[in-house]
Amino acid sequence: MKRAGFSICLLIFCVCLPAFGANALDSLQVGNAEIKSAGSLAFGPEGILLVGDSTDGSIWAIDTGDRTSSSSAAAINLSGVDGKLAGLLGIARDQVLINDMVVNPISRKAYLSASRGRGPDAQPVLASVDASGTISVLNLEAIRHSKVAIPNLPDPSVKDRRGQSRRGEAITDLAYVDGQVLLAGLSNEEFASKLRSVRFPFSGADIGASVEIFHGAHGRFETNSPVRTFVPFEIKSEPHILAAYTCTPLVTFPTAELKPGSKVMGTTIAELGNRNRPLDMVVYRKNGTQFVLMANSSRGVMKLGADNLDTFKGITERTDVSGVPYETIEGWTGVQQLAKLDEGHALLLIQGEDGASNLKTVAFP
Amino acid sequence: MLQGRPQALFFTPRIAPHAAGVLLSAFALIGWILLTPLSAGSVQTPQFKLQGVRGEYFFVLDGLTEEVLTTVSRQSDLSSIVEVYVSGIEEPVPPLLGGVSIVDGLITFHPRYPLQSGLTYRVQFEPGTAGLDSLTAEFAIPADAEQPRAEIIQIYPTAPVLPENLLKFYLHFSAPMSRGDVYRYIRLFQDEAEVELPFLEIEQELWDSDHRRLTLLIDPGRIKRGLVPHKEAGTALVKGQSYRLVIDSGWQDATGNPLRAGFEKIFRVAKSDRIPPDPEQWILSSPGAGGTGPLRVEFGEPMDQALAMRLLQVEDSSGSPLAGSVTMAEEESVWIFCPDDPWAAGEYTLSFAKTLEDLAGNRIGRPFEVDVFEPVQERVVKETVSLPFRIQPER
C-alpha cells in the first residue's frame, strides 16, 4: 500500500536520522508480541512489518523473517481469502475482518492484518499470502519484535481519577519513510488533526512529534480536519505527503515542513465530492510518468497524474474549481485495498458481490 | 457458562463414510476388533474425544494400538496426521492451525486459537500409511448461555434541539457490541425521508476499548462551508427541520445477539453555532467548606459530553487534582463535581485543555472553521485554561 520509494534522506522534523538499516533487526527482541489489535500496516526495512495497534495505542515492529528477494513478483490471485483465513483460524467467515493489506517490497508476498472476532476481545491476526495462494499466519507468541507508544496520547492517568476514560484513537494510516514512521489518527472524542512521527528503530527516549495540518477550503475557510489516508510521494524529486482528509479535500504538503508543533497549511489539489470516501492510495510510475491510484467507497478507483503537481496552484478561489483531473478506472469495482506488487502491477483486495474478499493482481493502468 | 457438554456427532472409519456404508463400517469395525490379538488385553475402539474446558478445548485420539502409534510416529511430519476443519462450509478451506503430538499412547491436536462456541468441527485421522484406517468425527461446541441482550442506554447530546452544524453523537450500549458494519444499522430521517450518507463512515469505527460506546461523526465535508460535498448535498441537518436518528435492532452485540430493541432519538435543528465557548462567561457555583457538596459549572450551552467529562478537573492551590465524582446535567450544559473528601476553605482552580469542544466542534479560542473573509477574532489562549474559585470557610 503506502510505501516510500524515496532514495534521498528526508529531514523530517529537523532531526538527524540514525543509521537504521544495519541495526533495525538488532532492535527487535524475541518474545510474545502481545498485540491487542492489528490495523494499519507498512513495511519498514529488512522485511520488518510495522503494525498500528489502536487498542494498545502503539506501533509494533514485527520481524517477518521474509527477506528472500524477488524483483518482480509472480501474480497473487486468491478467491475467498477471508473464508480461507477463517478456516485456518477455526472460525466462521463473518467473524474475520481484514483490516489492511501491504506487500513486502523484498519478497513481494502480500501481508494482511485481520481481527478474529468482532467484539472487544477479538484476536489480532497477521498473515502472509504467497503466489501459490498459501496463507501463513504469523505466530506472535515467539517472534522478534519491538513496540513504541503512539506519541502524545492523553495521559492515561487521567482516566483513573474519573474511573473510566473511553478516549481512544483509531490509526487510520501508517507509512514508513526513511527511518520515520508516520501515522494519521482519528480520535473518538476530539476532532483533532494530528500527523504523528516516530523514529524507527524505536527508542524509549523518543517521544515522537506531531503536527497540525490545515487546509483552505476554496480560499475562504481555513479548517482543521483529521487526515484519513495518506501516501508519501515526490514532487520534482522533493518528498511530499499526499493526504486525503475526512472532509474529502486532497491535499499536498512538503514533508520537510513537518516540524514538531508546527502548523502546516496544505495545498488543496482536488476534492473527491459528495457520497464518496477515499479508502486507499498507491503511487507508481508508468512510462516515466508518476501516477496516484486511489480506491474510493463509491466512485471506483481513480487515477491521478502526479507529475506536475508543483505547477498546480491549488484550489484558492471562491469559484467552483474541480482541481487536479482524474479518470476512473473501468471495471475495478469493490476495491477495498491497494498495494504495489511490483513496478508494473497492483495487488487489489476486492470485495465481491457475494461478500467474499478476493486478492487479484492487475497491471497498473 | 456452557449449556451442555460438547458432543461427538458421529465417528466412523473413512472406508465407509456415508449412510450406505454404515453396515460396511460396522462389519469393518467388528472385523478389526476380531483381528486384534487377545493378548493385547481389553479391546478398545479408536475414537476421538474432545477434552479440556471452554476456551482451551483440544482433540484426543485414543484407542490406537501400539503398532499403529509406532508406525505413525515414524513419520517426519505429524501435522498432517490429524487435521481439524470447520464443518458446514461448502468451499474448500485449509485445516485449523494447531499442533499434533503423540504422548502416552494418545495423539492430540491443540488448536492455536480457541474453538468457537456454536460451531461444529470435523476432526480426521489420516495415517497416510498403507494398512491403517482413517477416522473422522464431528464435535459441536455448545453455544454460550444466552446473555441479557444489549440495548442503547443513552445517546449524547441529549438536548432536543441541536445546532445545524452538530459534529457528533455518542451512542452508549449496555453491553459490548460487535464491529465491522455498524453504519448499516444507523439511519437518519428528516420527517419520513432518509438523509443520504449523513455520517463519516470509516473502516476503523470509533469505538471505545470495550465496545460500549460508538462515536458517530457527521460528515465534516457537509458541515464545512465551501467544500464540494457541502455544495452538492447541503448540510446533513437543516435549520428548522425535525429529525429521527434510528438505530436498527438487528445490530449484533459482541456475542452475536441482536439488540433487545431498536432506538430512536428525535430532535429539532436550530441555527449553526460558530462561536467558540468562552470560559469567562461560565458561571461557577461553589459550596461551603466542610462538606462534599457540588461545584457547579454552567457553560451556557451544551458541551461535548465525553470531552467535558474527561478534560475538566478541579485542582487545589498546589495544583494537585482533587479526586471526586463528575456528572453532567441540564442537557450537558452543566458540569457537577463532588469531591471524595470534604472541601477545605481556600483557593482552587477549574482547569481544562483548550481542546474542549461544544456540540459543533468549536474549541476554546478557536471556531470549527475560521472564516478568513469575515474573521472571528481568534483568541490566543494557553494549552490549558484555569478558572479560579474560592471555597468559603464554614460558618
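Colleague: Which residue in β19(B) is the bridge partner of B:L284?

Modeller: In this predicted model, the partner is B:V297. Being a predicted model, it has local features given only at pLDDT of at least 70 and side-chain atom pairs only at pLDDT 80 or more, while totals for chains, interfaces and linings use all residues. Residues are numbered from 1 along each chain as written, chains are lettered from A and ligands numbered from 1 in the order written, and side-chain values use heavy atoms, without hydrogens and water.

Colleague: Why are β18 (residues 283-285) and β19 of chain B said to pair?

Modeller: Strands (DSSP runs of E, at least two residues, numbered from the N terminus) pair if DSSP finds at least two bridges between them. β18(B) and β19(B) have 3 bridges, in the antiparallel sense, so they pair.

Colleague: Why is the link between A:E189 and B:R213 called a salt bridge?

Modeller: The term requires a side-chain nitrogen of Lys or Arg within 4 Å of a carboxyl oxygen of Asp or Glu. The closest N and O atoms here are 3.1 Å apart, so the pair qualifies. Chain B and chain A have 5 salt bridges between them.

Colleague: How many residues does each chain give to the contact?

Modeller: Chain B gives 75 and chain A 65, contact meaning heavy atoms within 4.5 Å.

Definitions and conventions: Helix = DSSP H or I, 4+ residues; strand = E, 2+ residues; numbered from the N terminus.
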